[in-house]
Amino acid sequence: MNPIEVENAVRSYLDGLQSIPSTVQVHSSVSADDLDFEKPAIVVELESAEHRGASAWVGTIKVSVRSPAQAVTLSDHSSIVAAVVAALRDKTAIVTAFNAAASSVDLLGIAPLNYGAPTFQDRAWINTIMADAGFYVTQ
């Protein structure tokens, strides 16, 4: 399974949402080096992937939301986090969008999300949202 394809498919889904302001950068982990740290950002990473059968995989998708504290209020940061959480909980929409964007892997589903309150690190509000997912490799 190609982790970059997984990350890019989730990034594509989140980037296309109307509920996330257009000023928010959305990246996959392989492109995160070009972040503008003065703007809010979402970074998608396939944190782990485990082979479970002939074409079956399970993995953990990590979505980090980072907002610079001097430019974005905690309330606005929390609104971005809420939009990401709602998008990841919309199982039909994410599966459909993911499978349309990925060519060699299908998303079978996402388990309930795990995330906590924002932390303050390096002058920014940061949330990490973890989602366990099932994949089927098609090629």
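**Ground rules.** The model is predicted, so I kept in mind that local features need pLDDT of at least 70 and side-chain atom pairs count only at pLDDT 80 or more, while totals for chains, interfaces and linings use all residues. Residues are numbered from 1 along each chain as its sequence is written, and side-chain values use heavy atoms, with hydrogens and water left out.

**Helix α2.** I looked up which residues of α2 are buried, and found H77, I80, V81, A83, V84, V85, A87 and L88.

**Helix α3.** In α3 (residues 91–101), I found I94, V95 and F98 to be buried. They lie on the same side of α3, because they cover an arc of only 100 degrees around the axis, the arc being that of the directions from the helix axis to the C-beta atoms. An α-helix has 3.6 residues a turn, so residues three or four places apart point the same way. On the face turned away from the buried side of α3, I noted the exposed residues T92, T96 and A100. The buried residues of α3 pack against α1 (3–15), α2, β4 (105–110) and β7 (124–137), where contact means heavy atoms within 4.5 Å.

**Aromatic pairs.** I counted rings of Phe, Tyr and Trp (its six-membered ring) as a pair if their centres lie within 6.5 Å, calling planes under 30 degrees apart stacked, over 60 edge-to-face and the rest tilted. By this rule there are two aromatic pairs. The rings of F98 and F135 have centres 6.0 Å apart and planes at 40 degrees, so this pair is tilted. Because F98 lies in helix α3 and F135 in strand β7, the pair ties together parts that are 37 residues apart in sequence. Both F98 and F135 are buried. F120 and W125 form an edge-to-face pair, with 5.1 Å from centre to centre and 65 degrees between the planes. F120 counts as partly exposed at 48% relative accessibility, and W125 is partly exposed at 21%.

Definitions and conventions
Buried means under 20% relative accessible area, exposed over 50%, partly exposed in between (1.4 Å probe, protein chains only). Helices (H or I, at least four residues) and strands (E, at least two) are DSSP runs, numbered from the N terminus.
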